[in-house]
Amino acid sequence: MSQSSRILVALSGGVDSAVAALLLKQQGYDVSAAYMRTWMNEEGSDILADCPWEEDIRQAKAVAAHLGIDFEVVNLIQDYRERVVQYLVDGYRQGITPNPDIMCNREMKFGVFRDYARRNGFSAVATGHYCRRVENPDGSCDLLAGLDPNKDQSYFLALVRQEQLRDALFPIGELLKPRVRKIALENQLPNAARKDSQGICFLGKVNINDFLRYYIPDRPGKIVRAGTGEILGEHRGLHHFTLGQRQGIGVPSNTDNEHFVVVSKDFDTNHLVIAFDHHDSPGLWGQSFTLERLSWVNQPVDEQRTLQARARYRDPPVEINFQPVENGRAKINFCDPQRALAVGQVCALYDGSTLLGGGFYS
Ligand SMILES: Nc1ncnc2c1ncn2[C@@H]1O[C@H](COP(=O)(O)OP(=O)(O)OP(=O)(O)O)[C@@H](O)[C@H]1O
């Protein structure tokens, strides 16, 4: 990318994307910024009571003014509803556990937002994600984990594809978070002291139970004990629960140091099946899984190999045996049993620090 390239920075109002914009500007790029508006305030007024999107826009605008770059708010409400909210509602209706953050990256930030940037003459989109993009001699790109192990966000980019990566920039991926904060302070960015958790109104910031109540009617059923079938209580709908969940079941264990946990959801009987949280609780732990709808950042892995996998965002990468099977699926085997990997969640696949892609547990 030449220094005169026009770059559109996705500016959320948070520190990371503000520093990303600053660094690009210092590097001499022609930088503009845009905030993605994804929620309708009227539709979401109940569930977004605490969502600071107006404050986010104010902060993003102040950062752009401070840097002397153009700023706009891009309205992507309709696309968000079609591509993320619908995916989420459909997923919960089917009883799976969808992953909105991963979908947001592929469908919104590097999907419709990238299309918007291209239509408007920008050569690349930049974000404040902690991950690194490298260009290979053959012209393809790879995506590497961010250098800050505490902040690495490559997991959330597991479903991003090659063409989306070609014109993406991650200016802070080589930095550690404390350094990013320091740069923000040294350059007197107006949001330098803003807390990390502030940000966008994507679903990660919205209470999921409020969201579900709004979109999916309750469908009460029985809570039963695994193995015995003993009825222990009532639930409001299987979509409110996920494998491995302990909070909010509403059935006391009445036993010291024992907790009930969701071990399965029976859609035929509408039963929520629970057991004590033990290593041998049926259905809770597993070592072999099938991944479906595999997506690759660069070259697909089409033969059996040892890879590393992040079973979920906060899990450290661990070794797996990866065996492709037909129709974009693969069998994976972990060295050790994994707890509560729910259908619909994403497993990210790595070769060392290179993100290869990902797939959904099926
Ligand atoms: N509403 C939004 N408008 C524009 N860009 C956004 C928006 N939400 C997120 N982004 C972009 O996606 C990146 C990652 O989003 P995430 O929600 O993980 O925020 P973050 O890591 O806390 O970053 P930040 O500090 O920039 O908010 C952001 O750095 C920003 O570039």
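**View 1. The annotated active-site residues C104 and C201.** In UniProt, an unreviewed entry carries the feature "active site" at C104 and C201. UniProt positions follow the numbering used here, feature names are shortened, and such annotations may be inferred rather than shown by experiment. This is a predicted model: local features need pLDDT of at least 70, side-chain atom pairs count only at pLDDT 80 or more, and totals for chains, interfaces and linings use all residues. Residues are numbered from 1 along each chain as its sequence is written.

**View 2. C104 and its helix.** C104 sits in helix α4, which covers residues 100-119. Helices (H or I, at least four residues) and strands (E, at least two) are DSSP runs numbered from the N terminus. Is C104 buried or exposed? C104 is buried, because 24 other C-beta atoms lie within 10 Å. The cut-offs are 20 or more other C-beta atoms within 10 Å of a residue's own for buried, 12 or fewer for exposed, and partly exposed in between, with C-beta atoms placed from the backbone. Of the 362 residues of the protein, 41% count as buried.

**View 3. The shell around the ligand.** The ligand has 16 residues around it, and A10, G14, D16, S17 and G128 come nearest. The largest share, 3 residues, comes from α1. A residue is near a molecule if its C-beta atom, placed from the backbone, lies within 6 Å of it. By class, the shell holds 6 nonpolar, 7 polar and 3 charged residues. Ala, Val, Leu, Ile, Met, Phe, Trp, Tyr, Cys and Pro count as nonpolar, Asp, Glu, Lys and Arg as charged, and the others, Gly among them, as polar.

View 4. The domain assignment, automatic or from a database, gives domain 1 (6-128 + 171-210), domain 2 (219-276) and domain 3 (285-361). The C-alpha centres of domain 1 and domain 3 are 28 Å apart. Domain 1 gives 6 residues to the contact and domain 3 gives 5 residues; two residues are in contact if their C-beta atoms, placed from the backbone, lie within 7 Å. On the side of domain 1 that touches domain 3 there are 3 nonpolar, 3 polar and no charged residues.

**View 5. The setting of the close-ups.** The protein has 7 helices and 17 strands. Its C-alpha trace spans about 70 × 50 × 35 Å along the principal axes.
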